[in-house]
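Here is a short report on one protein chain. Keep the sequence and the 3D view open as you read.

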Amino acid sequence: MKLKPIQLPVAMSGLLTVLAGMALSQQTLAQENIVEEVVVTGTRLSTQGLDTPTPVAVVDDEEFVLSGTINAETLLLDSPQFTANQLEGPKANTVQAGSPVGVSTLNLRNFGPTRNLVLINSRRGAITGPAMTTDINTIPVALIERTEVVTGGSSAVYGSDAIAGVVNFIMKDDFEGVELSANTSWDEPTSTQSYGIDLTFGGNLDNGRGNLTASIGYLKRGGFTRAERGDFADPSFGDGCVTAASHSGNSLGIPLSVPDGQTCEQAGGRLGFVGGGSSTPPNGRIGNLPLVGSAESNADLDAALIAAGLQDMTSLGAMFDAQGNSIRPFVSPDDRYDLGPLSFMVTPQERWMTNVFGHYDFSDAMTGYIEMHYSSNKANVQIAPSNVGGNFLVDTDNPYLSPEMQAVLTELDERETGTTTVTQGSLVLQTDPNDGLAILNYNRRFNDLQTRFADADHQVFRSVIGVRGEFGSSTGTFRDLAYDVYYSKASTTEVDVQLGSVSRSAVQRSMLSQNGNAPLLNIFGNGNISEDAERAISISAVSKINADLDVVVASLTGVAFDMPAGAVDFAVGVESRRAFAEYIPDSYLSSGDVSGWNSARATKGSQSVSEFFGEFRLPLMAEKSGVERLNLNGAFRYSDYDVGADDGVWTHSLGLEWAVNSSLSFRAQQQHAIRAPNVGELFGGQGSDGPTATDPCSANQPASEQTQAVRDTCIATGVPESAVFTAGVQPSPFLTQIRGGNPDLNPEESDTTTFGVIYQSEAIEGLALSFDYFNIELEDAIAPLGGGGLQNVLDLCYLTLQDPNSVYCQAVNRDPLSGEIAPPRYVFTTNANIGGIKTSGFDLAVSYDFESDWGLFGESASWNVSSSWTFTDEFTVTPIQELPDITNECVGAWGGTCGQPIPEQKGTTRLTMYTGPTTLSLRARFLGGITTDRIVVPRARGESYPDAGDFVNANISSYLYFDFTGAYAFSDDTQITFGIRNLLDKEPPVLGDLQQGGANTIPATYDIQGRVFFTSLSTRF
């Protein structure tokens, strides 16, 4: 690809339509001609002039080169219309049971990856699995000609899923010659390298009647751990009291013990960062021991605890020494286990990809075309060693324990009441008082076993075959007719191998004496596990995903008839789709008899839909004073689903475009869109995951919110009275939820309104701007219970409704001894049509081209300044449609309820100079300031909320990044590019309890790699 003056950069929403919604080029030194007619995303009608009422953003191939983009989602995430996705992408070091690993999806307008539609050459791409999203890793960057983004519902044109909009990758499918390109990048802190190489070749057939284009590409992305990154990322931080002298806003302080009845400040300290982590240490921790002198204890148990040295024990319980012989009170934060050092911050990836595009003119009226794609994408996940936790049965005379600890167990056995059932994985046991078995809430980290490591092999095959052409007369009614008929088939398979897990049932079974012999497993202390015990409890879990998508589309476009103001264009067609997906876990994952990776039951299902659709463009007025052109646009689609909708559903849109003159035009559109539930939402097997969250009944709850009403609700939902607001209720920053499908779901429905102004100045040559207002309102949103996942369920139960009989409180299952959220149900958050989402704001884009007489090498220069912004006025989630007054207003917030940051302002600005064979470009990326949703959400509801001083960093100030790129063209066929991302090496915000996604920050949103260098070389011959 020859470098040329840059086209509209990423996120230039609306400016595409300054010149008719086409993929525009800025004026080049060669004064390239602008295409007069082209079909753009958002309509099947060919576009001439300022005819499209839908805002469209475009990213051309040169922007991918100038930004050093290897994976397409990285560049699109910089666009103001997109929000980060915490669970998918290169920084998502996680395995979500039932979901593919290592994929990258897009989150348009923060509506989630399932609510935007990804197209390749205006046709649906492959689906990744039960969620039916498209993996952006399957998009070959080397073949991208341009990317068009429609922000707003487009279901009437493209069908289900286009709630927030459409992302359409237009590929180079008519290539001549051979092009070889290579690129590499590396970060400054770790020198971790990524590189890729692409070979593209093509040629014309039969004297130009056809063309065949093919490419093969290889990519290898290096990964690094938090320990390798160091600095802000390691060790793990939490909020806590530190000495005033050691306080820092971005590093650990010296912990300060606060006497009962005093605040941190009264004790002479300051709120700062202390060592964070899990209270499940390698030595093992007992979590349910009654405190000496408490109502839950008695004189004999008090004596045994004192003899064991536990008279000063807190609600966090006791921890063994490394040998497992002695025990002492658990001390936080000193004894917490840091989960971070071994965890990947950027996950490794290796990908092979091949693509073929071809077309051949069989006659003037028929052109056949094909597309073929195959990719093999391998990704890895690595996290801290596995652990087990919960209630276990232990022999009171366990030989690995000291006599003092055996006496404690004997007293615990005696004070049991009735028969108690203990479940670990697939093993169910019962115990009675004085039967020689004691119940211990035991928590052990297996750092003496293999670290958890997952290997995912994701393979995609996609093919398209079709014919298109023109027929009929070029005059009269129903003229200039064109048809397009195609069939596409896409198949995805993924095999995940998860190492480092243990079997819960095997751990419990191996902890008990068998036939009078000592237990096989000595789980007390660290390093005491024998090889036989390791083999008995260690497992490797395997799961598989299969997904298929079949699509048949037939469409007809043309001119229906003429009106005084011009021709009436139309498009009609039919479409049939069938999606199938299944998730096949092994017996460990499906039964829940696994600790280390998230478990889930099998998922299997399919969905079919038959549709017909139509579009029109009606010219109302033209070439009048004040009205150069006035067009009415409309579209409709009827969809008949076999599952996920009881009756057929209609989607429709109506738009108006008014060009006052060649400089000023207005556009408006109203769209009604739907999204049918996907296979995972309908048929997903129940599975678990463990997000970061705060239990309102624990010591992690801000002091200002530890009210009597919250206390009463905690007690009523199973927390022992003495345990409320203690650290033992939530010993880990992660909580577990059980999620799953619901076959009775109905489609989501949305209404989108857009209004825009486009101005192309005649007075100031080269100046163009657009302003677009958007308003999207979604009803019957499909989401886990509570609309915001686990944190929202807890908040609704304990902070808002405070009714133990509510469905939200009933969804919480607690251990009756410790009050912890516990198996088997944990927090039950299966899917439902329960709420709504509403967002509004406006996009602003400005572009200015100008010339200067001076430049490099004694030549003149061409310049482009372009800037694109999104200003979000509202992003409101209504978790319960029946309670519309309970809302989560998330603009300017981040956290467990709102998710990734939603700043009020997000924008990019690029300044580019073209002088001779050299291109120099500086880009600025801006993110507005945000505040934790623990403050923003209750404050907007008029409820009590914590003070910002209750957190170390409750606010994150605005962020401004700079990127620099230089390019030099040795000839028309050979170019080299060098650039630096995050030129000033700006570090991300440093967080403790409020981190989102780990690594002491919000890695999906902010740059975590520091300064990144990249270079590429491209030659064509």
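This is a predicted model: local features need pLDDT of at least 70, side-chain atom pairs count only at pLDDT 80 or more; totals for chains, interfaces and linings use all residues.

Strand 8 (residues 177–187) and strand 9 (residues 193–205) run antiparallel, joined by 10 bridges. Strands pair here if DSSP finds at least two bridges between them. Strands are DSSP runs of E with at least two residues, and helices are runs of H or I with at least four; both are numbered from the N terminus. In this pairing, Ser-185 has Ser-194 of strand 9 as its bridge partner. Five residues lie between the two strands of this hairpin, and Ser-191 takes a positive phi near 60°.

Strand 9 also pairs with strand 10 (residues 210–221), in the antiparallel sense, over 12 bridges. Leu-199 has Ile-216 in strand 10 as its bridge partner. Four residues separate the strands of this hairpin. In its turn, Asp-206 has a positive phi of about 50°.

Residues are numbered from 1 along each chain as its sequence is written, and side-chain values use heavy atoms, leaving out hydrogens and water.

The pLDDT is the predictor's confidence in each residue, from 0 to 100. The chain averages 90, and 95% of the residues score at least 70. Among the elements, strand 44 has the highest mean pLDDT (98) and strand 1 (residues 38–39) the lowest (50). Over residues 1–38 the pLDDT is below 50. Beyond near neighbours in sequence, that stretch has 145 contacts in the model. Contact means heavy atoms within 4.5 Å.

Strands of a sheet pair through backbone hydrogen bonds, either parallel or antiparallel.

Strand 40 (residues 893–895) and strand 44 (residues 930–932) run parallel, joined by two bridges. Trp-894 stands opposite Thr-932 in strand 44.

## Buried parts

Which residues of helix 7 are buried? They are Arg-504, Ser-505, Ala-506, Val-507, Gln-508, Ser-510 and Met-511. Buried means under 20% relative accessible area (1.4 Å probe, protein chains only). Seven of the eight residues of helix 7 (residues 504–511) are buried, so the rest of the structure largely encloses this helix. Its buried residues pack against strand 20 (387–395), strand 21 (420–424), strand 22 (427–431), strand 25 (479–502) and helix 8 (531–537).

Thr-887 lies in the loop between strand 38 (861–878) and strand 39 (888–889). Thr-887 is buried too, with a relative accessible area of 13%. Leaving aside neighbours within four places in sequence, the contacts of Thr-887 include Val-937 and Arg-941.

## Charges over rings

The charged end of Arg-285 sits over the ring of Phe-330, 5.8 Å from its centre. Lys-986 lies over the face of Tyr-959, at 4.6 Å from the ring centre. A charge sits over a ring if NZ of Lys or CZ of Arg is within 6 Å of the ring centre and within 35 degrees of the ring normal.

Methods. Buried means under 20% relative accessible area, exposed over 50%, partly exposed in between (1.4 Å probe, protein chains only).
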